[in-house]
Each structure stands twice: as C-alpha cells, then as structure tokens.
Amino acid sequence: SNLAAATNLIMVSAFKTTFHPPLNPVDTIFYMALPCGIFLFPAVLKFAHPVDWPGYGAATDYEIYMKVMELSPSTMNWVILSGCIAAAYNVLQYTMVQRLA
C-alpha cells in the first residue's frame, strides 16, 4: 500500500507540470475519479467476500448495498458524507503535494 500511495502522489505532482493548463487539486480528483470508478465497478459486482451477518456466508459489495438499502436507506447518507470528507481530505493532500513539489 505504501508503493501505491507513493505512486499516487507522484502522479498528482506530475499532473501539475505535464498538463497545459496544469490541473489544480480539485480537477485532479475529478480527473482520476471516473477511471477509478470504472476500473473498480466489475469487482463490486463479481467478487464476494465474507460477511459477518447471520445467514450470509459471502456477499458481493452490490449485494451488501442492496441489503442496506432494504433495511436502512438513510444509512446511505453517512456513505455520501464519508465520500465528501474523503474528497476534502484528498484536496488537502493534493494541494500540499503540488505546492511542496
């Protein structure tokens, strides 16, 4: 995971110098979000992992999402809030990398 994080920060630093006009941190996040989402989407549908719920042995992320939406749809508000906090953290991190690099 350290290698992936280092590669990510190197790419962020490169985005400021290789593109004309250079990408600011917010543009960088949204520029990378769609390819990451497309890359990870098949795994959401295909790969099951163990779930510590009664009656479930293994489930895909999509199956878990559907069960949560069935039992407590308001829980997705917390997921959206978590995503916003993660995006803000990435803007802060990428701002520091681009200013110090």
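View 1. Thr28 is buried, its relative accessible area being 0%, where buried stands for under 20% relative accessible area, exposed for over 50% and partly exposed for what lies in between, computed with a 1.4 Å probe on protein chains only. This is a predicted model, in which local features need pLDDT of at least 70 and side-chain atom pairs count only at pLDDT 80 or more, while totals for chains, interfaces and linings use all residues. Residues are numbered from 1 along each chain as its sequence is written, and side-chain values use heavy atoms, with hydrogens and water left out. Thr28 belongs to helix α2; helices (H or I, at least four residues) and strands (E, at least two) are DSSP runs, numbered from the N terminus. Leaving aside residues up to four places away in sequence, Thr28 touches Val12, Phe15, Leu23, Tyr94 and Gln98, a contact being heavy atoms within 4.5 Å.

**View 2. The packing of helices α1 and α4.** Helix α1 (residues 2–18) packs against helix α4 (residues 75–100) at an angle of about 65 degrees, and their axes are 9 Å apart. The axes are lines fitted to C-alpha atoms, for helices over the stretch in contact, and the angles run from 0 to 180 degrees between N-to-C directions. From α1 the contact takes in Asn8, Leu9, Val12, Ser13 and Lys16, and from α4 it takes in Gln93, Tyr94, Val97 and Gln98. By residue type, four of these are nonpolar, four are polar and one is charged, with Ala, Val, Leu, Ile, Met, Phe, Trp, Tyr, Cys and Pro counted as nonpolar, Asp, Glu, Lys and Arg as charged, and the others, Gly among them, as polar.

**View 3. The nonpolar cores.** The largest nonpolar core has seven residues, namely Val12, Phe15, Leu23, Ile29, Met32, Tyr94 and Val97; such a core is a set of buried Ala, Val, Leu, Ile, Met, Phe, Trp, Tyr and Cys residues joined through side-chain atoms within 4.5 Å. At least two residues of this core come from each of α1, α2 (25–46) and α4. Met32 touches Asn8, Met11, Phe15 and Tyr94, with residues up to four places away in sequence not counted.

**View 4. Pro25 in helix α2.** Pro25 is found in helix α2 and is buried, with a relative accessible area of 14%. Not counting residues up to four places away in sequence, Pro25 touches Val91, Tyr94, Thr95 and Gln98. The C-alpha atoms of Pro25 and Glu63, which are 38 residues apart along the chain, are separated by 34 Å.

View 5. Thr17 lies in helix α1 and counts as exposed at 57% relative accessibility. Between the C-alpha atoms of Thr17 and Leu45, 28 residues apart along the chain, the separation is 37 Å. Pro21 sits in the loop between α1 and α2 and is exposed, with a relative accessible area of 67%. From Pro21 to His49 the distance is 43 Å in space, C-alpha to C-alpha, and 28 residues in sequence.

**View 6. Thr60 in strand β2.** Thr60 is placed in strand β2 (residues 58–60), where Thr60 is buried at a relative accessible area of 8%. Its contacts, not counting residues up to four places away in sequence, are with Val44, Leu45, Lys46, Phe47 and Ala48.

**View 7. The aromatic pair of Trp53 and Tyr56.** Rings of Phe, Tyr and Trp (its six-membered ring) pair if their centres lie within 6.5 Å, with planes under 30 degrees apart counted as stacked, over 60 as edge-to-face and the rest as tilted. By this rule there are two aromatic pairs. Trp53 and Tyr56 form an edge-to-face pair, 5.5 Å centre to centre and with 85 degrees between the planes. Trp53 is partly exposed, with a relative accessible area of 33%, and Tyr56 counts as partly exposed at 32% relative accessibility.
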